[in-house]
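Here is a walk through a model you can turn on your own screen.

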Amino acid sequence: MPRKSETTRKLEDVGIDIDGEVDSEDEEPRPRGRANNRRQAAGRKGKKAAASEDDEDEEEEEAPRNRRTANKKKAGKARVSEEESEDEAPKRRRGGNKKKATKAQDSDADSEEDEKPNKRNKRGATNKKQKEEQNNKEKKGDAKGKGKGKDKDNEKDKKKKKDNSSSDSNTDSEEEESMSEGEMARLMEEVEEKKKLIANIRNKPWRMKRRLTLLKEAQLFVDKFEGALGKGKGRKLYAYKVMMMKKWIKFQRDFENFKTACIPWERKIKEVESHFGSSVASYFIFLRWMYGMNLVLFSLTFGLVVIPEVLMGLPYGSIPRKTVPRPEQPTAMDYSVLMDFNGYCKYSVLFYGYYNNQRTIGFLKFRLPLSYLMVGIGTFGYSLMVVIRTMAKNADVGGGDGEDGEFTFAWKMFTSWDYLIGNSETADNKYASITTSFKESIVDEQENQKDENIHLRRFLRVLANFLITCSLGGSGYLIYFVVKRSQEFANMDDLGWYEKNEVEIIMSLLGLVCPMLFETIAELEDYHPRIALKWQLGRIFALFLGNLYTFLLALFDEVNAKLEEEKSIKNASIWFMNEYYANFTAMNPNNTEATPPPVDPSDVIRGPCWETQVGIEFVKLTVSDIQVTYLTILIGDFLRAVIVRFLNYCWCWDLEAGFPSYGEFDISGNVLGLVFNQGMIWMGAFYAPGLVGINVLRLLTSMYYQCWAVMSCNVPHERVFKASKSNNFYMGLLLLILFLSLLPVVYTIMSLPPSFDCGPFSGKDRMFDVIMETIDLDLPAFMGTLFGYVANPGLIIPAVLLMVLAIYYLNSVSEAYKNSNMELKKKMQMARDEEKNRRNNKDSTNQVMKDLEDLLPNRSLAPPAPPEEKTENKPDQGGKAPKVKPGTAGNGVNFQKEVSLASANPNARGAVTRPPGPRGPGPLPGNNAGPGPGRGRGRGQPPRS
Amino acid sequence: MGNKQTVFTAQQLDAYQDNPFRQRIAEVFSEDGEGNMTLDDFLDMFSVLSEMAPRDLKAYYAFKIYDFNNDDFICKADLEKTLNKLTRNELTEDEVRMVCEKVIDEADLDNDGRLSLEDFQHMIVRAPDFLSTFHIRI
């Protein structure tokens, strides 16, 4: 075995958990050591033993000495051996046994280090007993640590064996001979106890010195007698198991880390959270969630619609719908195409119109039209499912706003610093996050403490709501009015610039003014910022619904107009075809087979294809929204921050503290922007499959961009508040928008006729006819009848009824649970109060507590300690004597047990007198060093409090 | 010898320089109370801060670490010191005072206006992440 530095050795002894494995090499020397023992036992001469291997520490010497008190004749020899121990090491080293030499050195070093007044050693001996009793009491509690610690320590025994066992081997050998069965059993019992101690030693609240002493004693004992009892098999397996256990723990830890590392942007978000509070972070978490959902939608759309079309569909230019019409061709490659999505963009896979109505494409017979419809419906289905599932899960997790823990501040104070942090950047973030979380809790607490005039507050809140309802109603009417007017304007000519853009101007003005107005009015209410945010979100949401309304209205007008136009074009093209075929048959009467007219696909008369138009509208809207958002951030936050920061050097007033200052992160605006944007995506995705791709890109960039902007240009809110644990309010808004955007899409699918010459459903009466067609043609006949039954109103109405009943039932059940939950909470609160009031339980019965109390330095270090020690130690020693000679004294173990049972308390107090560490006389210098932290844990000066 | 570590690298030691209580930890574990540790003290420290150490032991030493003036009670002055270390003096006086009052209010079972070891343990054993944060891995 390679030499170990002393540090390592010690570390092992103490059981510090250095991520290492138990090296099995340690096993090897063991048999040799045992052989040694045996040899000595056979030799049976104390002299020889002393000369050969005795290198005990002084403290370890204690135990043997006790034994010797009973066994007087050996004492002399042992003492000789002690004296000789210094010489032993070199001698053995000469012997060439490298390993032993190492050991010897170790223990020598130990003994030098441990040189202390003799009293100390004595105490060590006494403690052996105390500790055993404690061990007995504690072993149940420590059962867990035992398993792990045990074999490791066992291994250590083996290593130690050579050092320790030899000195007593002569005594042992004699005893062994005269051991009877009963003694054997007792011995075994005791060995077990020792082993337990060894296993638990690292869990003991003792100082290192004491631990080492006890450990060595115990090991010595176990080694000595275990060998005699012929035990100790299967250690290798045990060691292996422990090793595997450690590896497994380490693996789990690494795996956890890996899992955390796999969460995208977790670091970024945590960083934002630590500086700006959980409320701002909640926006980013929401953004990340949104990104995930859109990624799924994206893969659905692209995997099932776009890519099959690109791979297997007809190529560009083959048919009219896939070709840019001739009049548009000169401008089809203009740069402006990227802005308004005409030209080549319009006739590409990005839009509905490009897809052909062939039932199957490619050699795979991929049913593209069916797939298109299914993806359109599946987008909504998936989104609904995900949103609702997330909401349910969030409600499950916390639901509660804030936490109602009993020790909020105390825990924050004492457990928030993570001692594992070992990176200055992380540490900075941690400081920031601790500060932020304290601020959040302070805000909550202030809110709780606010003694308010309830009547005034109520009046103000009613007033505020009234004002806001008024302004909402006013802006709603304004929108309605303006839209009406614009419809009138639409029929007039020669309009001015204002008349043309009236709706947009009014809308953006409202969007600018109203949120600020709401915020001002909300000051009246004086809600907790978290609740205020919800109100603000709800109000702005209501306002934005007006936006949506006008947009949809305009869109439907356009669609209706397009439908009219289409009708005439359809007639025209049908007429053209008829003419053509009439001419064709007239010219070639023999050839009845009609060939398509020899017109270039780009010249064919075609309809306006309203679906593509709608898709373009949505894409344009999304793109302009992205531009506006990004520019706002760039100008409103970045530029402002730059100006404030650098112009501040040469300005009349303090820009940073004064008027412009830095921007705050606008949570409500950003969340609503995200929600409405998603609504646009849902509505538009059916008409423009490429829209989802654009949105994914947008979310991705906006994650990085906004994180950067927040970290570099914004300042935290004045009152950092804790976001509610669940993002359910955001999710609720999203759900609402989802329903709202579901309606128009379903309406168009179910009731508007698709364009006759573009898109996958061209030539059908309604889009969903594709499904009927598939059922009729592709599925076996009985499926058709089955669908017929399922669609029967007689079946649907009972099903709906059943669902309503189920909802009612589940609702009432959850209500009942909620009530009982509240009841339990109340009870817990009561119990807590009671506990707080009951302060008579000073005298704890918990042994561990007592043990720890014993550690209190003022008691252990108090000047009267030494005499106390002596007085207490005496009885202990008396109790110990029989125990150390288990072989000869038949009832030694019993006696010892009696003592331990009878004097549980004195013994516990005995531990009091023992300072936690080897610091008997030590503290004095510390005390002299003066007051303040320098005094260390010295007990000393009366508290300052 | 497998991956058992025998030497501390400079980085590893540096890594723990960010702990706001580092000085205090050294003081608590050192025998002379001034932060000069012997090997035994050092081992003591790591054994307490290891994952294997029992909760009560950790709680006891945590108590000592937060008891800045060594009077065996965590009083308001200790709390303020702790808080200022944790937040790098970023809270206002009022906030600090309020937090300290709240802490005492929450955890003080015997209403003596300061936290005894018993109060502290009662509070800390219920903390969900005390065990996970109060340890050091090498």
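## Rings in the core

Phe286(A) and Trp289(A) are both buried. Keep in mind that everything here comes from a predicted model. These two side chains form a stacked aromatic pair, with ring centres 6.5 Å apart and 5 degrees between the planes. Why are they about one helical turn apart? Because they sit three residues apart in helix α12 (residues 266-312) of chain A.

Now try another pair, Phe544(A) and Phe676(A). Their ring centres are 5.3 Å apart and the planes meet at 75 degrees, so this pair counts as edge-to-face. Phe544(A) belongs to helix α20 (residues 529-587) of chain A and Phe676(A) to helix α22 (residues 667-685) of chain A, so the pair ties together parts that are 132 residues apart in sequence. Both Phe544(A) and Phe676(A) are buried.

Here are the two pairs side by side.

| Pair | Centre to centre | Angle between planes | Kind |
|---|---|---|---|
| Phe286(A) and Trp289(A) | 6.5 Å | 5 degrees | stacked |
| Phe544(A) and Phe676(A) | 5.3 Å | 75 degrees | edge-to-face |

How many aromatic pairs turn up over all chains? A search of the whole structure gives 44. Some rings also gather in a group: Tyr352(A), Tyr354(A), Tyr355(A), Tyr372(A), Trp610(A), Phe686(A), Tyr687(A) and Phe761(A) make up one aromatic cluster.

## Chain A as a whole

Chain A has 33 helices and two strands. Of its 945 residues, 49% are buried. If you take the contacts in chain A with a separation of 6 or more, 80% of them are between residues 24 or more positions apart.

The UniProt record (an unreviewed entry) marks "transmembrane region" at residues 295-316, 370-388, 462-483, 503-524, 536-556, 680-701, 729-750 and 786-810 of chain A. What does the model show in these spans? Take residues 536-556 of chain A: the span is 100% helix and 0% strand, and its end C-alpha atoms lie 30 Å apart. Residues 729-750 of chain A are likewise 100% helix and 0% strand, with the end C-alpha atoms 32 Å apart.

One loop residue in chain A is worth a click. Asp526(A) is not a glycine, yet its phi is positive, at about 55 degrees. For background, most residues other than glycine have a negative phi. Asp526(A) sits in the loop between α19 (502-525) and α20 of chain A. Is Asp526(A) buried, exposed or partly exposed? With a relative accessible area of 26%, Asp526(A) is partly exposed.

## Chain B

Of its 138 residues, 57% count as buried. Among contacts in chain B between residues at least 6 apart in sequence, 54% join residues at least 24 apart.

For this chain, UniProt (again an unreviewed entry) places "domain: EF-hand" at residues 54-89 and 95-130. In the model, residues 54-89 of chain B are 67% helix and 0% strand, and the end C-alpha atoms are 33 Å apart. Residues 95-130 of chain B are 61% helix and 0% strand, with 24 Å between the end C-alpha atoms.

Chain B also has a residue with a positive phi: Arg88(B), which is not a glycine, has a phi of about 55 degrees. Arg88(B) is in the loop between α5 and α6 (93-107) of chain B. Its relative accessible area is 43%, so Arg88(B) is partly exposed.

## Where A meets B

Two packed helices are described by the angle between their axes and the distance between the axes. Helix α15 (residues 408-415) of chain A and helix α5 (residues 76-87) of chain B have axes that come within 9 Å and cross at roughly 65 degrees. The crossing of α15(A) and α5(B) is left-handed. Which residues make the contact? On α15(A) they are Lys412(A), Met413(A) and Phe414(A), and on α5(B) they are Leu79(B), Thr82(B), Leu83(B) and Leu86(B). These residues divide into five nonpolar, one polar and one charged.

Finally, look at Thr435(A), which is in helix α16 (residues 424-449) of chain A. Thr435(A) counts as buried because its relative accessibility is 4%. Leaving aside residues up to four places away in sequence, Thr435(A) touches Thr87(B), Glu90(B) and Leu91(B).

Note on methods
Residues are numbered from 1 along each chain as its sequence is written. Chains are lettered from A and ligands numbered from 1 in the order in which they are written. This is a predicted model: local features need pLDDT of at least 70, side-chain atom pairs count only at pLDDT 80 or more; totals for chains, interfaces and linings use all residues. Side-chain values use heavy atoms; hydrogens and water are left out. UniProt positions are given in the numbering used here, feature names are shortened, and annotations may be inferred rather than shown by experiment. Helices (H or I, at least four residues) and strands (E, at least two) are DSSP runs, numbered from the N terminus. Axes are lines fitted to C-alpha atoms, for helices over the stretch in contact, and angles run from 0 to 180 degrees between N-to-C directions. A crossing is left-handed if the near helix is turned anticlockwise from the far one by less than a right angle, and right-handed if clockwise. Contact means heavy atoms within 4.5 Å. Ala, Val, Leu, Ile, Met, Phe, Trp, Tyr, Cys and Pro count as nonpolar, Asp, Glu, Lys and Arg as charged, and the others, Gly among them, as polar. Rings of Phe, Tyr and Trp (its six-membered ring) pair if their centres lie within 6.5 Å; planes under 30 degrees apart count as stacked, over 60 as edge-to-face and the rest as tilted. Buried means under 20% relative accessible area, exposed over 50%, partly exposed in between (1.4 Å probe, protein chains only).
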